[in-house]
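User: I'd like to learn how to read a model like this one, feature by feature. Can you walk me through it?

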Amino acid sequence: MRFSYLANISEIGKHGPKTVNKGAQGGSSVEQCVLQSNPLLESFGNAKTIRNDNSSRFGKFIKIYYKDDGTISGATTSHFLLEKSRIVGCADSERNYHIFYQICAGMSAEEKQALKLKNAVDYYYLNQGNCIQVPEINDKKDYKELVEAMGIVGIAPDIQKTIFTLVACVLHLGNLEFEENAKLESVIAKPQEVIDLAELLMVTPAELEFALTKRTMSAGARGSVAEISLSAVESNKSRNGLAKDIFSKIFDWLVSQINLSTKQISQGEGGGMGASKFIGILDIFGFESLQFNSFEQLCINYTNEMLQQQFNQHVFVYEQEVYVEEGIDFSRLEFQDNGPCLDLIDKKPLGILPLLDEQGMLGKRASDENFIQKLNQTHLPQGKPKEGVIQYYSKPRFAQDQFTINHYAGEVTYNVVGFLEKNDDSLHADLISLMDSSKCEFLRKLFPLAAGGAAAGGNAARKPIQRAGGKMTGTMTVGRKFRDQMADLMLELKATAPSFVRCVKPNNLRFPQGWNASLILNQLIYLGVMETVRIRRSGFPVRRSFEEFYQKYQILTRKINVSKEKRASMTDKEFCEVILRFIARENWQLGHKKVFLRDSQLRILDNEARKITSDAAVQIQKHVRRMVQRKKYLIMREKVILIQATVRMYLTKVHFRRMRHRITLLNALARQFVQRRKYLRLRKYTVLVQSRQRGKVARRQLWYLRNAPKAATKINAQVRRYLARNRFLKQKRAASIVANAHRMRKQRKAFLDLRKAASVIAARYKGYRGQRKYKEMKKAATVLHAVGRGFLARLKFGKKAR
């Protein structure tokens, strides 16, 4: 991301924003070379660890040079301390370098067959961590991007093939197994693997087997040569040493090739790296404190100690410059110098790393046990340590092969097992001669002999280690080389204006919105942020301009009795001085442009301002509440008056209705009385008339009955009988119709039930007949097929079919 940003900015300066994408897809420009160097170095120098799937296992310092117009003119890359121990093994749930898995997953079947490659899980160097595939990493896709990047940085296809061949050789080396014969001499367990490996290295199998299982020693003035057979353990060490050296040489060559390619491209574009303007990006390992800390962790933490010292000095100097510029007294400003810790590690002749180099010069007498004893004798304090004195070196109580260093980030305990082996960055002469005898020109350039190194050109010739009876005599150890690199890097950093970027990982589970407080605190300590905070707090960490300070705390001036005329003529600095009377004098100072306060002093001013604001808020709230309550009272009063008027109106209306009802009732009773009296009088007269009339009719009827003939009576009787019979017959016909309709409904229901049952029976019968017919046809078809197959078989095979 860093390189993409810088490259895109440079492309914008060259072509304008509209053509940035075209430039990014074009040929090998300086920007593209810088960009493509990143995936190349990641493939050969990054690996999956417990905490990070793409952890950088080396440090690098990239200097990107710029022209006066802001475009990139060139770049150089320096690297530090590649983790060689990972090449021959890694911890559980971790992987080796990405390149090994990429060639196993990305190469075609023909390419893998040519390099005799198998699956990644079949190689000892790769299967120790029990982690071959990572969900977030696509090795096949990364291999294609790697090949493209190698082409962009100027690596020819034949050189690419040679590099991948040597990487495959490293994997094959890891699968070599050694056994011991009756004389305890090392022999190859599977000779065919030596033949395959020798074919890839372009050496003879006999020479390869000899270099891995034996060693030649020269002794005496005449230079007589003796052959010494190695044990299986020593052969394994030689095998691992050769694998580590081949891979590290390839990595060194890739870095130099990137620098060479960038230089050539920049010269072709009319640029160069002679310009003094550059942006340097230092990407280096962070402080490590693991359960098992070895030589690599000591070098890593030594680097972080040096960077922390430079960082502290940078922050301290920056603080001093600010105070001097503002005219502030900074006599109390101090920081904790980790110089004694650095002296403990690298100061000659008694530092830990110099003592380690000295121990390596002792030959067979050198051992990790003697080294830890030497450290304890040299650095353990005698007697009871003084109070207040920091002890940078200590020894665990029950461990004999460990020592503890008090770093700026805390105490780290190191285990010295393997220190001497990891510090020895050399191969014995037989392996170097074997590499020089290879028919592969690229491999010979990686391992030049001391005699032919000056004439070969390119990389400086390597001085192989010379041993006399196992004694190391004059070689560049890992610790010494690393100390020299760090010294050069510090000189480079001190000559620049550094800016520090601290990356903090919120959690180890890699899920969003996750916050692990203890993990983050440890990282802040390891990154030196806490020490920076302590330095800032020892001085005046709070800084505000006069205008900003006055605008924020001008409310505090209300407590100071100052006339309006004087307020109008006061400056912001005078107002600030008036405001600062609320805190103690030793906790603040006024500069030329800013107010300087010690830590936590703003809380005092904030509390005072909060009190004034709170009192004002109480007064405002009181008046607002009074106004709100008065408004509520007036509204309630108006509503009460309205309710009272409505109630009075309702009561008056009810009273009116009641009185009107009573008056109406009284009038009705009076009218009733008058009308009833008239009615009773009329009724009396009417009854009298009716009685007279009914008596007259009754007397006339009686006379008729007494004097009427008998025939009329007979006729009346027959008429009544006829009418009665007609009514009877009509009712009888209606009853018959109702009964018939009931019987018809009952019979129809029975008929429908019978028809439904008949339909079910018919359907079942039809199904039965169809199934039976199907079975018969199936049986007949089977017989026909059998007869047909028999006939065809007889036609084809004749008598043999019978």
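Analyst: Let's start with a strand pair: S15 and strand S17 (residues 594–597) pair in the antiparallel sense over four bridges. Two strands count as paired if DSSP finds at least two bridges between them, and helices (H or I, at least four residues) and strands (E, at least two) are DSSP runs, numbered from the N terminus. Before going on: this is a predicted model, in which local features need pLDDT of at least 70 and side-chain atom pairs count only at pLDDT 80 or more, while totals for chains, interfaces and linings use all residues. Residues are numbered from 1 along each chain as its sequence is written, and side-chain values use heavy atoms, with hydrogens and water left out.

User: What is the bridge partner of Arg 544 in S17?

Analyst: The general idea is that strands of a sheet pair through backbone hydrogen bonds, either parallel or antiparallel. Here, Arg 544 has Val 595 as its bridge partner in S17.

User: In what order do the three strands of that open sheet come?

Analyst: The order is S15-S17-S16, with antiparallel pairing. Strand S15 (542–545) and strand S16 (588–590) are at the edges with a single partner strand each, so one side of each has no neighbour in the sheet. From one strand to the next, the twist averages 20°. Helix H12 (residues 295–326) lies across S15 and S17 and runs at about 125° to S17. For such angles, axes are lines fitted to C-alpha atoms, for helices over the stretch in contact (heavy atoms within 4.5 Å), and the angles run from 0 to 180 degrees between N-to-C directions.

User: Which strands form the open sheet that contains S3?

Analyst: That one is also three strands, in the order S4-S3-S9, with antiparallel pairing. Strand S4 (72–80) and strand S9 (278–283) are the edge strands; each has a single partner strand, so one side of each is left without a neighbour in the sheet. The twist here averages 15° from one strand to the next. Eight bridges join strand S3 (residues 59–66) to S4, and one of the pairs to look for is Lys 60 with His 79 in S4. Helix H3 (residues 30–45) packs on this sheet, touching S3 and S4, and its direction makes about 20° with that of S4.

User: Lys 60 has a charged side chain to follow up. With which residue does Lys 60 meet in a salt bridge?

Analyst: First the rule: a salt bridge is a side-chain nitrogen of Lys or Arg within 4 Å of a carboxyl oxygen of Asp or Glu. By that rule the count comes to 13. Lys 60 meets Asp 283, at 3.2 Å from N to O. The pair links distant parts of the chain, with Asp 283 in strand S9 and Lys 60 in strand S3, 223 residues apart.

User: Is Lys 60 buried or exposed?

Analyst: Go by relative accessible area: buried means under 20%, exposed over 50%, and partly exposed in between (1.4 Å probe, protein chains only). Lys 60 counts as buried at 6%, while Asp 283 is partly exposed at 23%.

User: Where does Glu 83 lie, and where does Arg 57?

Analyst: These two form a salt bridge, their closest N and O atoms being 2.6 Å apart. Glu 83 is in the loop between S4 and helix H4 (98–106), and Arg 57 is in the loop between strand S2 (55–56) and S3, so the pair ties together parts 26 residues apart in sequence. Glu 83 is buried at 14% relative accessibility, and Arg 57 is buried too, at 11%. Both belong to a network of salt bridges that links Arg 57, Glu 83, Arg 86, Glu 94 and Glu 288.

User: How far apart in helix H18 are Lys 445 and Glu 441?

Analyst: They are four residues apart in H18 (residues 441–446), which means a separation of about one helical turn. Lys 445 is exposed, with a relative accessible area of 54%, and Glu 441 is partly exposed, at 48%.

User: And the chain as a whole: how many helices and strands does it have?

Analyst: The protein chain comes to 27 helices and 17 strands. Of its 802 residues, 37% count as buried.
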